[in-house]
Amino acid sequence: MPDQYSRTRLLLGAEGLDRLRTARVILFGLGGVGGYTAEALARGGIGHIDLVDDDTVSLTNLNRQILALHSTVGQYKVDIAARRIAEIDPTIQVKTYKTFYLPETADQFDFSQYDYVIDAIDTVTGKLALIAQAKAAGAPVISCMGTGNKLDATGFTVADISKTSGCALARIMRKECAKRGIRGVKVVYSKELPMEPMQTGETEPQREGSSRRSTPGSTAFVPAVAGMIMAGEVIKDLSKG
């Protein structure tokens, strides 16, 4: 009898889908990248998803974030994502954390209980702490590099952080990971040179530890592709066991 995962089962097999249904992943960040990652994880059959983000939807999110609607402005992203996942598959176990991940909040999480750790946050200090914590716990981790000020959604690829080039955020992360002796970090990144955003006089507050020097431009399609690639890597890896 066909079910909602019948098409997935045709590609991954019954055993592969069973692995996804029992897997537990944690996703940090539900913005332009992470929102689409959460969507694909749920539709892909992941049975246990923990969501971490302390942010609420704002009007400037409407141009690119799947969780952002006029009806959801002002609501917490983790709450919106949890409701959406329940609509996709009410059997998925979702746990939410209204937390901004930084070294100071890292002790709230035990990474040893996760089958995969997904980094879709945009602060360097947070990304480094998250990757180091995942590595120390022996949990597989995937991290998204810069998507701002880019227009070529076909430019993204998956690589080890040590093999990246052309991305400013990846360059910082590559250097800092090397200094800390962190190796074997899978990342999604693009070699596309970022555009210079037009000066409109509009500014947004920056997070502590952010690598941004100014508010980046973004579109509906570039971060979405990066988020889907992240989820795809997690699903393929976990389905293989």
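The side chains of Gln65 and Lys77 are joined by a polar contact of 3.0 Å. Such a contact is a pair of N or O atoms within 3.5 Å; within protein, one must be able to donate a hydrogen and the other to accept it, and residues adjacent in sequence count only if both atoms are side-chain atoms. The model is predicted: local features need pLDDT of at least 70, side-chain atom pairs count only at pLDDT 80 or more, and totals for chains, interfaces and linings use all residues. Numbering starts from 1 along each chain as its sequence is written, and side-chain values use heavy atoms, without hydrogens and water.

Gln65 lies in the loop between strand S2 (48–52) and helix H3 (77–88). Helices (H or I, at least four residues) and strands (E, at least two) are DSSP runs, numbered from the N terminus. Gln65 is buried, at 6% relative accessible area; buried means under 20%, exposed over 50%, partly exposed in between (1.4 Å probe, protein chains only).

Helix H1 bends at Gly13. The table gives its values.

| Feature of H1 | Value |
|---|---|
| Distance between end C-alpha atoms | 17 Å |
| Bend at Gly13 | about 105° |

The expected span is 1.5 Å times one less than the number of residues. The bend is the angle between axes fitted to the seven residues ending there and the seven starting there.

An open sheet of 7 strands runs S3-S2-S1-S4-S5-S7-S6, with mixed pairing. Two strands pair if DSSP finds at least two bridges between them. S2 and S3 pair in the parallel sense over 5 bridges.
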